Amino acid sequence: MDGESTAPFALGRGPDACLLLHGFTGSPWEVRPLGEALAARGMRVVAPRLPGHGTTPEAMLKVDYRDWQACAEEALASLSGYRRVFVAGLSMGALLALRLAAHQPEAVHALALVAPAVRFRGARMALVRQLCRTPLLEWTTPWVDKGGTDISDPKALAQAPVLAAFPVARLRDLCTLQDLAVVDAPRVRCPVLVATAEHDHVVDPEGGRWLARRMTASPEVRLVAYAQGFHIIPRDVCGARLAEEVGDFLQPWQEEDFRSRPDVPAQDAPPP
């Protein structure tokens with residue numbers, strides 16, 4: 001992979017900030033158009049590269065979901081001096097973003113969950129999820145070849161940096177994050193935008209809508225569905241629309257601290 005195109009980035013200036021988190025086996029390249037659009041609205045935008053991502057397949061051998069969560073937490077902490085902090089995540093990054101909001105409600109003012117990877121699409125991936133719970137898959141198929149990425153726009157697809165393969169063991173980490181995010185969803189107390197693509201070949205868009213219904217403590221949950229484009233929405237044909245809708249959604253929360261409102265329900269108790 002081209003290290004320059006997959007590098008972390010920081011853009012823009014302003015009193016408010018947004019943390020952007022990319023997806024499984026992806027890189028900050030996936031979310032850069034969204035970051036540029038938010039920076040143009042007068043916001044500081046930071047997108048870290050999750051450990052093991054964006055370099056070589058072998059780098060993924062040395063990490064697990066705890067490293068990805070720790071990276072997200074460190075990036076969020078680095079933005080503590082800003083007036084308001086928002087978090088947006090793509091796919092697995094959306095799961096990490098949700099967990100940040102659930103466990104640090106004082107630090108996250110609003111969420112944008114883009115194609116959240118709460119459910120895989122198709123019977124094959126459902127079987128993979130079951131096999132991930134045992135060592136069987138790692139014994140039989142230690143590596144998964146990755147021939148491309150899920151983008152419908154041919155120009156963006158041609159430019160996409162793609163990790164050639166990844167250890168199947170990391171799928172277990174992704175499944176663990178799915179389970180943890182489902183448990184944490186009712187604890188999210190900030191406003192949430194959930195964006196899905198109907199023709200996503202990686203995750204089931206109905207999973208995003210199901211996840212939205214679980215966020216019962218949020219003062220607002222807005223659903224957006226795109227009839228065009230595939231999984232990597234920020235880089236696909238609806239990327240500009242996504243950027244506009246995320247920016248419009250975050251704008252009111254830059255001017256109001258929703259947590260001072262009396263109608264916000266109290267946080268659920270942590271799961272046992």
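**Aromatic pairs**

I searched this predicted model for aromatic ring pairs. The count came to two.

I took Phe 24 and Trp 68 to begin with. Their ring centres are 6.0 Å apart and their planes stand at 70 degrees, so I logged the pair as edge-to-face. The cut-off for that label is over 60 degrees. I then looked up where the two residues sit. Phe 24 is in the loop between β2 (16-21) and α1 (32-40), and Trp 68 is in helix α2 (residues 65-77), so this pair ties together parts that lie 44 residues apart in sequence. Both Phe 24 and Trp 68 are buried.

Next I took Phe 24 with Phe 166. The centres are 5.2 Å apart and the planes are at 80 degrees, so this pair is edge-to-face. Phe 166 belongs to strand β7 (residues 165-167), while Phe 24 lies in the loop between β2 and α1, so the pair ties together parts 142 residues apart in sequence.

I checked the accessibility of these two phenylalanines. Phe 166 comes out at 8% and counts as buried. My summary for this entry: ring pairs link Phe 24, Trp 68 and Phe 166 into a cluster.

Thr 25 has a phi of about 65 degrees and is not a glycine. Thr 25 lies in the loop between β2 and α1. The relative accessible area of Thr 25 is 3%, so Thr 25 is buried.

I placed Ser 91 in the loop between β4 (84-90) and α3. Ser 91 is buried, with a relative accessible area of 8%.

**Helix α8**

Which residues of helix α8 are buried? I read through residues 205-214 and found Pro 205, Gly 207, Gly 208, Leu 211 and Ala 212. They cover an arc of only 150 degrees around the axis, which puts them on the same side of α8. I noted the helix geometry behind such a pattern: an α-helix has 3.6 residues a turn, so residues three or four places apart point the same way.

What do the buried residues of α8 pack against? I listed α3 (92-103), β5 (110-114), α7 (169-184), β8 (192-197) and β9 (221-226).

I then checked the N-terminal end of α8. Asp 204 caps it. A side-chain oxygen of Asp 204 lies 2.9 Å from the backbone nitrogen of Glu 206.

**Ser 218**

I moved on to the loop between α8 and β9, where Ser 218 is found. Is Ser 218 buried or exposed? The relative accessibility is 12%, so Ser 218 counts as buried.

I looked up its polar partners. The side chain of Ser 218 reaches the backbone oxygen of Cys 190 at 2.7 Å. A polar atom of the Ser 218 side chain also lies 2.8 Å from the backbone oxygen of Glu 220. I then listed contacts, leaving aside neighbours within four places in sequence. Ser 218 touches Val 188, Arg 189, Cys 190, Pro 191 and Val 192.

**Lys 62**

I wanted an exposed residue for contrast. Lys 62 has 72% relative accessibility and counts as exposed. I found Lys 62 in the loop between β3 (44-47) and α2. I took a C-alpha to C-alpha distance here: Lys 62 and Gly 52 are 7.0 Å apart in space and 10 residues apart in sequence.

**Cysteines**

How many disulfides does a search of the whole structure find? I got zero. I checked the burial of two cysteines. Cys 18 has 0% relative accessibility and counts as buried. Cys 175 has 6% and counts as buried.

**Confidence**

The protein chain has a mean of 89, and 85% of its residues reach 70 or more. Over residues 259-272 the pLDDT is below 50. I counted the contacts of this stretch beyond near neighbours in sequence, and the model has 24.

Terms used
Residues numbered from 1 in each chain as written. Heavy atoms only, no water. Disulfide = S-S within 2.5 Å. Buried < 20%, exposed > 50% of the residue type's maximum accessible area, 1.4 Å probe, protein only. pLDDT = per-residue confidence, 0-100. Contact = heavy atoms within 4.5 Å. Helix = DSSP H or I, 4+ residues; strand = E, 2+ residues; numbered from the N terminus. Arc of directions from axis to C-beta. Polar contact = N/O pair within 3.5 Å; in protein donor to acceptor, adjacent residues only side chain to side chain. Phe/Tyr/Trp six-rings, centres within 6.5 Å; stacked < 30°, edge-to-face > 60°.
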